[in-house]
Amino acid sequence: MKRFVSVLMFMSIFFTMFSAVGQAAEVVPKLFLNGQQLKSDVNPQIINNATVVPVRTVSEGLGYLIDWDNTTKTATVTHANNVIKLKLNDNMAVVNDKKVKMDTSVSIIKGYTLVPLRFIGEQFGLDFEWKAVEKEVHMYEQNKEPTDPTEPIDPDPNLPVEAAGQITDIYYSGGSSMTLNYEGTVKANKPMLLENPKRIVFDFPNANYSSNLSSQFLNGQVEVNVTDSTYLQGYRYSLFSNTPATARLVILIGDNTGYVMTEEAGKIQISLMSAADVPGTPPITDPVTPPSSKVYNVVLDAGHGGSDPGAASVLKKPEKEFTLSIALKMKALLDKESKIKVHLTRTGDTYPTLDDRVKFAESIKADLFMSIHANSGVSSATGTETYYYRDNSKAFASVIHKHLIAATGLKDRGVKKEAYKVIKQTTMPAVLIEAGFLSNANDAKLLFDDAAQNKIAAELVAGIKEYLNVK
């Protein structure tokens, strides 16, 4: 088990290490996030007795969205429900509209924004481990405790106090199915369907886990993410109660998802599917299917632009060029559709703020919003991602991601939920795509290839038409 030290103790050790060499420290620590080393052109530094690190290095490792406003010299970092504003040469940050004092002000060195490491730890919820021998700083995302409601369990008095059954294996068996193997007697209570996030909770009274499964628990549970299933987002299992013994399985699901449970000796299988396909369930009419006579307003947002170049490509071409090229190619195709009217947040090398982009989409009462981006990370990172935030955007994200994967042929990194401002604060179905990694030579070569861009634009247009049911 990792031994975490408090942020204050960590900083004390960190400063002591550098006390002999002062501001011009010769020993530069290596930064690791969740076990993976973070790279940057600017090393961690000590300014005013505070250790500062490039905010982009940490934030991109975690997948946060960064927006730099060159006019106000302010960096806005967004993750989940947290929005942090950091202003150049100002030691007061604004965290979710509240002012928070930092150890030292934000600075810029070689074009990189540097912020206090202690501040990052406190605001982004990181744990720290200092490895003195290796001169390494290890940061970890904190594990979250289960938040499912604790519904009281009424044990069957006819069953013995000891567990009547033991679960020996739980696994994702492909498609959209979960398999549970057991010994003895294992029966599920009536499942609970819960929201935010959508999940199905199965409790198995008078059942526990084999020693093999129990040994894999971390903070009382095993948690698994699933990225290659339409209906299954992930699952976790834990021992919900010791007296009586009660095993719990939580399955994270998408919208309009149903299930069928089949049982045989020693095995339970839970198959997820569209709610309309569950046997005995009447067909569900999709309420978002628009009438065929409507003309839809679709906003295409070419990410970054102007003073904000976005991610740098290994080909020395900025992200803003890729995003605008895709948006213009899509507009040329959508202009041929009589039932779709396309609107661009920018048509040239300009920088509308994130607020401007949101206000623009809202002002025209857009039916759909798509923000176009390309990713950046370590040189080995590759693949395509599609993001959504609100529930009314998930179906749109799934359709667009299917077409985007078909266009790029890159690694499928899945459909993910994230509170990026342009897809959080808009009200219509909205997605943000990350077509590939400009920091990867193969991805970058593909994304800046004209033929590949034409294919990406065509597939994204096909996804929009499919979602809107435009023939």
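Some ground rules. The model is predicted, so local features need pLDDT of at least 70 and side-chain atom pairs count only at pLDDT 80 or more, while totals for chains, interfaces and linings use all residues. Residues are numbered from 1 along each chain as its sequence is written, and side-chain values use heavy atoms, with hydrogens and water left out.

I start with the sheet. Six strands form an open sheet with mixed pairing, in the order 25-24-26-29-27-28. Strands (E, at least two residues) and helices (H or I, at least four) are DSSP runs, numbered from the N terminus, and two strands pair if DSSP finds at least two bridges between them. Strand 25 (340–344) and strand 28 (412–417) are at the edges with a single partner strand each, so one side of each has no neighbour in the sheet. From one strand to the next, the twist averages 20°. Strand 24 (residues 296–302) and strand 25 run parallel and are joined by five bridges. Leu300, for instance, has Leu344 in strand 25 as its bridge partner.

Now to what lies on the sheet. Helix 6 packs there, touching strand 24, strand 25 and strand 26 (368–375), and its direction makes about 170° with that of strand 24. Contact means heavy atoms within 4.5 Å; axes are lines fitted to C-alpha atoms, for helices over the stretch in contact, and angles run from 0 to 180 degrees between N-to-C directions. Helix 10 (residues 450–468) lies across strand 24, strand 25, strand 26 and strand 29 (430–437), at about 150° to strand 26.

Which residues of helix 6 are buried? In this helix (residues 354–363), they are Leu354, Arg357, Val358 and Ala361. Seen down the axis of helix 6, the buried residues fall within an arc of 95°, so they line one face. That arc is taken from the directions from the helix axis to the C-beta atoms. Buried means under 20% relative accessible area, exposed over 50%, and partly exposed in between, with a 1.4 Å probe and protein chains only. The face turned away from the buried side carries exposed Lys359 and Ser363. After helix 6 comes Lys365, with a positive phi near 55°.

The side chain of Arg357 makes a polar contact of 2.7 Å with the side chain of Asp301, which sits in strand 24. A polar contact is a pair of N or O atoms within 3.5 Å; within protein, one must be able to donate a hydrogen and the other to accept it, and residues adjacent in sequence count only if both atoms are side-chain atoms. The side chains of Asp301 and Ser371 also make a polar contact, of 2.7 Å. Is Asp301 buried or exposed? Its relative accessibility is 1%, so Asp301 counts as buried.

Last, the nonpolar core. By definition this is a set of buried Ala, Val, Leu, Ile, Met, Phe, Trp, Tyr and Cys residues joined through side-chain atoms within 4.5 Å. The largest has 40 residues, and those touching the most other members are Leu300, Met330, Met370, Leu460, Ile464 and Leu468. Helix 10 gives the most to this core, with seven residues. Among the residues that Met330 touches are Leu300, Met370, Leu460 and Ile464. A second, separate core of 24 residues includes Tyr209 and Leu232.

Terms used. Lists of a residue's contacts leave out its neighbours within four places in sequence.
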